[in-house]
Amino acid sequence: MRIVVCCTEMKPAPWIAGLSAALPGATVEEWRPGAPQADHAVVWAPPQQLFDEQPRLKGVFNTGAGVDALLKLRLPPEAVLVRLDDAGMSVQMAEFVCHALVRHFRELDGYERDAAEGRWSFRRPRPRSDFPVGVMGLGVLGQRVAQAVAGFEFPVRGWSRGAKDVPGVQCFAGAQQFDAFLAGTRVLVNLLPLTPETENIMNRATLGRLLPAGYVINVARGAHLVDEDLLALLDGGHLAGAALDVFRTEPLPPGHPFWAHPRITVTPHTSARTLRDESIAQIARKIRAFEQGEPLVGVVDLQRGY
Ligand code: NAP
Ligand code: GLV
């Protein structure tokens, strides 16, 4: 079995060493133009040339959860596309979202400003019942986040495509329940995949339906959010702030209004990082299962787009 690794932004050597150790007998090498035909590819943001030159790939294993960038490419006709399925991401996402939520709810940004000025002052405690949290996307990451937030006793709502039953979470499903989901949400967390249906889903109309003084935590993809609509709602007073980890253009360009906005917190797409060892172990397990004809978790439905 031959495996090519083509992960832009990651050093290939540790991936090749890890996959070789986990799959004895396999030839694992970095993909270069003209490389021999492989059975499987392990990828992150590969060029179209990889797939054009490797039409007989059986499996394409993404080293991330989101496959939106891959689905813009022409994949080999028979290849099964497999995403990372948690691999240590959900706990990172839960801690990141809870941190952003608690920082906003407890006004820790205000306390940081006070401390910088040497001021000892208190803010009035606010009831958490006034801060219902709505999680868009109740998949691998969204469910973990929703349950972590529920652990802090915030009211939690969740929205997904198909109906769900998640303990401690009031669940809404489908386009017909979207408005009801938004109307009872004050802190909106986005954990949807980016698909034609979800692109621009956070816009003036949808964000305008949130409860007053809403807060947006976008940890999925930048193209879910219409930047200028967020800015208009912040500046118009309907939204209180936003924590943004993902952007339409990454890195966020210098001079983009998000950088300097006093009520926007920017982080560099870091809420849930690919953990190399966990990811290698998971991908190796899946390649073994694939070769033995066993079912795989995390196979992407190309029609749905996730
Ligand atoms: P997942 O397991 O595939 O879950 C996706 C969820 O979104 C599912 O609950 C799905 O509903 C729901 N959904 C999809 N389309 C929908 C629609 N049109 N309307 C309503 N709900 C819809 O994905 P995941 O592993 O949780 O990851 C989610 C996303 O997080 C990834 O796609 C990626 O973009 C992003 N991410 C970001 C980072 C970061 O560092 N910022 C890291 C990892 C992932 P059903 O359950 O009904 O199918
Ligand atoms: C990161 O954004 C991922 O999709 O894994």
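The charged end of R128 sits over the ring of F154, at a distance of 5.1 Å from the ring centre. The model described here is predicted.

## Aromatic pairs

The count of aromatic pairs in the model comes to 8. One of them joins F172 and F181 in an edge-to-face arrangement, with 5.9 Å from centre to centre and 65 degrees between the planes. F172 counts as buried because its relative accessibility is 10%, under the 20% that marks the limit for that class. F181 is likewise buried, with a relative accessible area of 0%.

F181 also pairs with F178, and this pair is stacked: the centres are 6.3 Å apart and the planes form an angle of 15 degrees. Both F178 and F181 belong to helix 6, which spans residues 178-183. The two residues are 3 positions apart, about one turn of the helix. Both F178 and F181 are buried. Ring pairs connect W159, F172, F178 and F181 into a cluster.

Ligand 1 has 31 residues around it, of which R83, L141, G162, K164 and Y306 come nearest. By residue class, this shell divides into 15 nonpolar, 9 polar and 7 charged residues. Helix 3 (89-105), helix 5 (140-151) and strand 7 (156-160) each contribute at least two residues to the shell. Helix 5 gives the most, with 3 residues.

Oxygen atoms of ligand 1 lie close to N or O atoms of the protein in several places. A backbone N or O atom of G139 is 3.1 Å from an oxygen atom of ligand 1, and a polar backbone atom of V140 is 2.9 Å from an oxygen atom of the ligand. The side chain of K164 places an N or O atom 2.6 Å from an oxygen atom of ligand 1. On its own, ligand 1 has 940 Å² of accessible area, and the protein covers 92% of it.

## The surroundings of ligand 2

The residues that surround ligand 2 are G64, A65, G66, M89, R221 and H269. They divide into 2 nonpolar, 3 polar and 1 charged. A polar backbone atom of A65 lies 2.7 Å from an oxygen atom of ligand 2, and a polar backbone atom of G66 also lies 2.7 Å from an oxygen atom of the ligand. From R221, a polar side-chain atom is 2.8 Å from an oxygen atom of ligand 2. The protein covers 87% of the 190 Å² of accessible area that ligand 2 has on its own.

The contacts of both ligands are set out below.

| Ligand | Residue | Protein atom | Distance to a ligand oxygen atom |
|---|---|---|---|
| Ligand 1 | G139 | backbone N or O | 3.1 Å |
| Ligand 1 | V140 | polar backbone atom | 2.9 Å |
| Ligand 1 | K164 | side-chain N or O | 2.6 Å |
| Ligand 2 | A65 | polar backbone atom | 2.7 Å |
| Ligand 2 | G66 | polar backbone atom | 2.7 Å |
| Ligand 2 | R221 | polar side-chain atom | 2.8 Å |

## Residues in loops

R119 is located in the loop between helix 4 (108-116) and strand 6 (133-136). Its relative accessibility of 45% makes R119 partly exposed. The side chains of R119 and E117 are joined by a polar contact of 3.0 Å.

Q54 occupies the loop between helix 2 (48-53) and strand 4 (59-62). Although placed in a loop, Q54 is buried, with a relative accessible area of 0%. The C-alpha atoms of Q54 and G298 are separated by 22 Å, and these residues are 244 positions apart along the chain.

## Backbone geometry

The peptide bond from E250 to P251 is cis, with omega near -5 degrees. P251 lies in the loop between strand 11 (239-244) and helix 9 (257-260).

E107 has a phi near 60 degrees, a positive value in a residue other than glycine. This residue is found in the loop between helix 3 and helix 4, and E107 counts as partly exposed at 21% relative accessibility. A213, which is not a glycine either, has a positive phi of about 60 degrees. A213 is situated in the loop between helix 7 (204-208) and strand 10 (214-218). With a relative accessible area of 27%, A213 is partly exposed.

Key
Residues numbered from 1 in each chain as written. Chains lettered and ligands numbered in written order. Predicted model: local features only at pLDDT ≥ 70, side-chain atom pairs only at ≥ 80, totals over all residues. Heavy atoms only, no water. Phe/Tyr/Trp six-rings, centres within 6.5 Å; stacked < 30°, edge-to-face > 60°. Buried < 20%, exposed > 50% of the residue type's maximum accessible area, 1.4 Å probe, protein only. Helix = DSSP H or I, 4+ residues; strand = E, 2+ residues; numbered from the N terminus. Lys NZ or Arg CZ within 6 Å of the ring centre and 35° of its normal. Near = heavy atom within 4 Å. Polar contact = N/O pair within 3.5 Å; in protein donor to acceptor, adjacent residues only side chain to side chain. Areas by Shrake-Rupley, 256 points an atom, 1.4 Å probe, with all protein chains shown as cover. Nonpolar A, V, L, I, M, F, W, Y, C, P; charged D, E, K, R; others polar.
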